[in-house]
Amino acid sequence: MEENQDIEQVIDIETFAKEGKDIPTGPKVRYQIRIDGERYLMEKANATGRELLIKAGKIPPEGYRLDQKLRGGATKKIGLEEVVDLAAPGVERFITLPLDPTEG
C-alpha cells in the first residue's frame with residue numbers, strides 16, 4: 001500500500017510535548033500551537049518571537065513579552081527576533097504579558 005505524501009499533517013505540539021514524543025518535521029507538516037489559551041496553526045517549524053506575537057494579535061509586538069512554557073513547568077523568555085524551533089522537544093505553549101509602558 002502506497003502512502004500518500006500529499007496529505008498535510010497537523011501536529012499539536014503541546015500534546016506531543018506532554019507525552020514526551022518527538023515532533024515530526026517535513027514539508028507537509030503544520031504545527032498547532034497554543035498562545036494564551038488560543039490555538040494557532042503555523043506553516044513552518046521555526047518562528048520568531050515577533051511572528052508568534054503577531055499571530056496571536058499582539059500588536060505592536062514590542063508592547064508584549066513572550067514566554068515559552070516547557071515540559072515540566074519551566075518557562076523561557078523569547079526575544080522578538082529570537083527564533084523558536086516548534087519541533088524542539090518539550091515545547092508546550094506560549095504565554096504573553098503586556099509590558100508596562102513605564103518599563104525600559
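## Accessibility and the predicted model

A residue is called buried when its relative accessible area is under 20%, exposed when that area is over 50%, and partly exposed in between. In this predicted model, Arg 93 has a relative accessibility of 22% and therefore counts as partly exposed.

## Salt bridges of Glu 14

Across the whole structure, 15 salt bridges are found. One of the residues taking part in them is Glu 14, which pairs with Lys 18 at an N to O distance of 3.2 Å. Both residues belong to helix 1, spanning residues 13-18, where they stand four residues apart, about one turn of the helix. Glu 14 counts as buried because its relative accessibility is 4%, whereas Lys 18, at 49%, counts as partly exposed.

Glu 14 also forms a salt bridge with Arg 93, with 3.9 Å between the closest N and O atoms. Since Glu 14 lies in helix 1 and Arg 93 in strand 8 (residues 91-98), this pair ties together parts that are 79 residues apart in sequence.

## A salt bridge between two loops

The side chains of Lys 58 and Asp 36 form a salt bridge with an N to O distance of 3.8 Å. Lys 58 is located in the loop between helix 2 (49-55) and strand 5 (64-70), and Asp 36 in the loop between strand 2 (29-35) and strand 3 (38-42), so the pair ties together parts that are 22 residues apart in sequence. With a relative accessibility of 36%, Asp 36 counts as partly exposed.

Definitions and conventions: Residues are numbered from 1 along each chain as its sequence is written. This is a predicted model: local features need pLDDT of at least 70, side-chain atom pairs count only at pLDDT 80 or more; totals for chains, interfaces and linings use all residues. Side-chain values use heavy atoms; hydrogens and water are left out. A salt bridge is a side-chain nitrogen of Lys or Arg within 4 Å of a carboxyl oxygen of Asp or Glu. Buried means under 20% relative accessible area, exposed over 50%, partly exposed in between (1.4 Å probe, protein chains only).
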